[in-house]
Amino acid sequence: MGSLGCITWREVEPHVFRLRDAMDFQCHLVVGKTSALLVDAMGGHGNLREAVRMITDLPVTVVATHSHYDHIAGSWFFDELHLDACEAGRLDYETRLARRAHDIVVGRGIVSADEPWFLEEGRRPQTVAIAEGDVFDLGGLTVEAVSLPGHTAGSMGYLVRELRLLFTGDAVTPSMCLFFEESCDVDTYRATLAKMMQMPFDRYYTSHQDRTFTREGLADYDACAAFCATDPGSEWVHGMFEEFTGRVHIYRGIDPEADDFLALIEKDTPEARERAKRIRAERRAAKKAARQARDA
């Protein structure tokens with residue numbers, strides 16, 4: 001265990017450290033014999049570079065699973081950020097969103113105003129494009145970039161074959177978010193799940209949940225995605241940014257923080273609303289037919 005300001009960390013398994021900030025955003029540091037790889041960079045509160053230096057003095061490469069601010073802001077404390085080419089164009093927008101988030105969390109007392117903040121003490125890194133199949137050799141460990149579209153079109157996972165471990169960012173999460181403008185549709189997400197089921201890993205880590213997920217559990221995520229086609233869902237609004245809306249389908253559980261919870265939030269498109277209307281009508285008709293059969 002270790003800490004620096006609002007950033008804490010622990011070793012979750014040999015060679016792998018999990019870092020978390022005051023917003024419970026997290027990233028992972030993979031340490032090899034000759035270099036290290038930082039997967040994601042959290043939301044920009046706390047000096048992430050100094051925190052990493054307290055774990056290892058090896059050269060560190062920073063990669064992002066995608067361009068959302070809660071995954072890339074801390075990279076402002078480093079020189080370079082590696083991510084899919086189609087994600088790089090969103091950095092200006094995500095920086096503005098991070099500024100709004102900063103004002104909210106500092107105002108609410110979640111983060112101290114005295115914490116180092118990326119837009120005040122960091123500088124924008126040089127972006128380096130990566131693609132599926134790119135490999136980072138850390139010395140004794142190799143990390144391969146794998147395309148996992150769904151949450152965003154350019155979402156990337158990072159596979160450590162020697163550890164049979166995959167870092168997925170937000171590509172597969174218990175509250176699966178497909179409501180962003182840059183998100184793909186449910187079918188694309190299901191194709192990513194099918195791809196993951198064939199990949200050589202046993203467990204995976206996300207960038208928000210402080211626990212371990214298994215490849216075998218992916219079947220439940222696919223069942224949740226399939227459930228959306230027969231569930232009308234409910235309108236949903238983001239808790240911090242009201243412009244983010246969607247249609248949530250709760251497949252299992254009540255408490256989003258519970259381990260058994262599974263849900264998917266898709267875009268609330270006219271097609272999704274029409275589908276919800278049709279499903280509700282079909283359910284009403286089925287209930288009416290059942291009553292009539294019972295009363296006959």
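The legends below accompany close-up views of a predicted model.

**View 1. Strand β3 and its antiparallel neighbours, β2 and β4.** Strand β2 (7–13) and strand β3 (16–20) run antiparallel and are joined by five bridges, and within this pairing E11 has F17 of β3 as its bridge partner. Strand β3 is mostly covered, five of its five residues being buried. This burial extends to both faces of the strand, with V16, R18 and R20 on one side and F17 and L19 on the other.

**View 2. The turns of the two hairpins that involve β3.** The hairpin of β2 and β3 has two residues between its strands, whereas the hairpin of β3 and β4 has five. Most residues other than glycine have a negative phi.

**View 3. R164 in the loop between β11 and β12.** The loop that holds R164 lies between strand β11 (156–160) and strand β12 (165–169). R164 is a residue other than glycine with a positive phi, near 50°. Its relative accessibility is 32%, so R164 counts as partly exposed, a class that lies between the limits of 20% and 50%.

**View 4. An open sheet of four strands with mixed pairing.** The strands follow the order β13-β18-β17-β16. Strands β13 (175–178) and β16 (234–237) stand at the edges, and because each has a single partner strand, one side of each is left without a neighbour in the sheet. From one strand to the next, the twist averages 30°. Strand β17, covering residues 245–252, pairs in the antiparallel sense with strand β18, covering residues 262–266, over five bridges, and R247 has E266 of β18 as its bridge partner. Helix α7 (residues 270–295) packs on this sheet and touches both β17 and β18, with a direction that makes about 45° with that of β17.

**View 5. The packing of helix α5 against helix α6.** The axes of α5 (residues 186–197) and α6 (residues 218–227) come within 10 Å and cross at roughly 165°. Since angles over 145 degrees count as roughly antiparallel, the two helices are therefore roughly antiparallel to each other. The crossing in which α5 passes α6 is left-handed. On the α5 side the contact is made by V186, Y189, R190, L193, M196 and M197, and on the α6 side by L218, A219, Y221, D222, A225 and A226. Taken together, the residues of this contact divide into 10 nonpolar and two charged, with no polar residue among them.

Key. Residues are numbered from 1 along each chain as its sequence is written. This is a predicted model: local features need pLDDT of at least 70, side-chain atom pairs count only at pLDDT 80 or more; totals for chains, interfaces and linings use all residues. Side-chain values use heavy atoms; hydrogens and water are left out. Two strands pair if DSSP finds at least two bridges between them. Axes are lines fitted to C-alpha atoms, for helices over the stretch in contact, and angles run from 0 to 180 degrees between N-to-C directions. Contact means heavy atoms within 4.5 Å. Angles under 35 degrees count as roughly parallel, over 145 as roughly antiparallel, 65 to 115 as roughly perpendicular and the rest as oblique. A crossing is left-handed if the near helix is turned anticlockwise from the far one by less than a right angle, and right-handed if clockwise. Ala, Val, Leu, Ile, Met, Phe, Trp, Tyr, Cys and Pro count as nonpolar, Asp, Glu, Lys and Arg as charged, and the others, Gly among them, as polar. Buried means under 20% relative accessible area, exposed over 50%, partly exposed in between (1.4 Å probe, protein chains only).
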